[in-house]
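Visitor: I'd like to learn how to read a model like this one, feature by feature. Could you walk me through it?

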Amino acid sequence: MPYYNGTRTDIPIKQFKTEISKDGYVYATTSRLVALTYIARVIPNMFTTQNSQEIFIEPIPNFFENTTKGVSGYVYILEEKDGFEVVSQNKNCGHQNVVRIKEDVNVKSVEYIKDVYEELQKYIKSGELKIWRFETLDGDFVNNLHKTLLNIEKGPHKNWDASLNKLDDIREYVEQKQ
């Protein structure tokens, strides 16, 4: 079973190291699709798994296109090792198919992704990825989602670069609606 990781960094990665991790683990996924979502690096859990289905939840109109179009990065295929353990899906890890190991992991190969949006379109067409469009979401759900997202800077993801996550776009949208 292949293990994947995805990143935007232009620095060639030959080995994923535990010393770089906040908790001493190297994280990976058994899903290439999930690795692509790592490249997109959209606000925590906008990409999520529900009932074994990968989903993108769109908090404002056109957010999917605005956060994935033109984004490039790399999908890494990691060496297969004994010792990978399954990570439970929770508020910090919105996906199934995530694993971790408490040792360094070498890269077997790397694939350059020129445009994550174009690559994700293949998964949408195959039915492996669904987009929950803003226009189809319940108003209370959207309001709660906005409250949660606008509090991210106070939570576990406070060190994320807000420009990458387009938090300012959400803040601006919410302010215009008030």
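Predicted model: local features only at pLDDT ≥ 70, side-chain atom pairs only at ≥ 80, totals over all residues.

Visitor: Where is Asn51 found?

Guide: Asn51 is in the loop between strand S4 (47-50) and S5. Look at its backbone too: phi is near 50°, a positive value in a residue other than glycine. Ser52 is found in the loop between S4 and S5 as well, and its phi is near 65°, again positive in a residue other than glycine. With 62% relative accessibility, Ser52 counts as exposed.

Visitor: And what does S5 join up with?

Guide: Strand S5 (residues 53-57) runs parallel to S10, and 4 bridges join them. For a landmark, find Ile55, which stands opposite Lys130 in S10.

Visitor: How do the side chains of S10 point?

Guide: They alternate along S10 (residues 129-132).

Visitor: Let's do aromatics. How is a pair of rings described?

Guide: You give the distance of the centres and the angle of the planes. In this model the count comes to 9 aromatic pairs. One of them is Phe56 with Phe63, a stacked pair at 6.3 Å centre to centre with 25° between the planes.

Visitor: Why is the pair of Phe56 and Phe64 edge-to-face?

Guide: Check the angle: the planes of Phe56 and Phe64 are at 65°, with the ring centres 5.1 Å apart, so the pair is edge-to-face. The cut-off to remember is over 60 degrees. Both Phe56 and Phe64 are buried.

Visitor: Which residues form the aromatic cluster?

Guide: Phe47, Phe56, Phe63, Phe64 and Tyr117 form one cluster.

Visitor: Now a helix. Which residues along a helix point the same way?

Guide: Those three or four places apart, because an α-helix has 3.6 residues a turn. Now look at H6 (residues 167-177), where Leu167, Ile170, Tyr173 and Val174 are buried. They cover an arc of only 125° around the axis, which puts them on the same side of H6. On the other side of H6, Glu175 and Gln176 are exposed.

Visitor: Can we zoom out? How many helices and strands does the protein have?

Guide: The secondary structure comes to 6 helices and 10 strands. Of the 178 residues, 45% count as buried.

Visitor: What share of the contacts join residues at least 24 apart in sequence?

Guide: Among contacts between residues at least 6 apart in sequence, it's 78%.

Terms used: Residues numbered from 1 in each chain as written. Heavy atoms only, no water. Phe/Tyr/Trp six-rings, centres within 6.5 Å; stacked < 30°, edge-to-face > 60°. Buried < 20%, exposed > 50% of the residue type's maximum accessible area, 1.4 Å probe, protein only. Helix = DSSP H or I, 4+ residues; strand = E, 2+ residues; numbered from the N terminus. Arc of directions from axis to C-beta. Contact = heavy atoms within 4.5 Å. Pairing = 2+ DSSP bridges.
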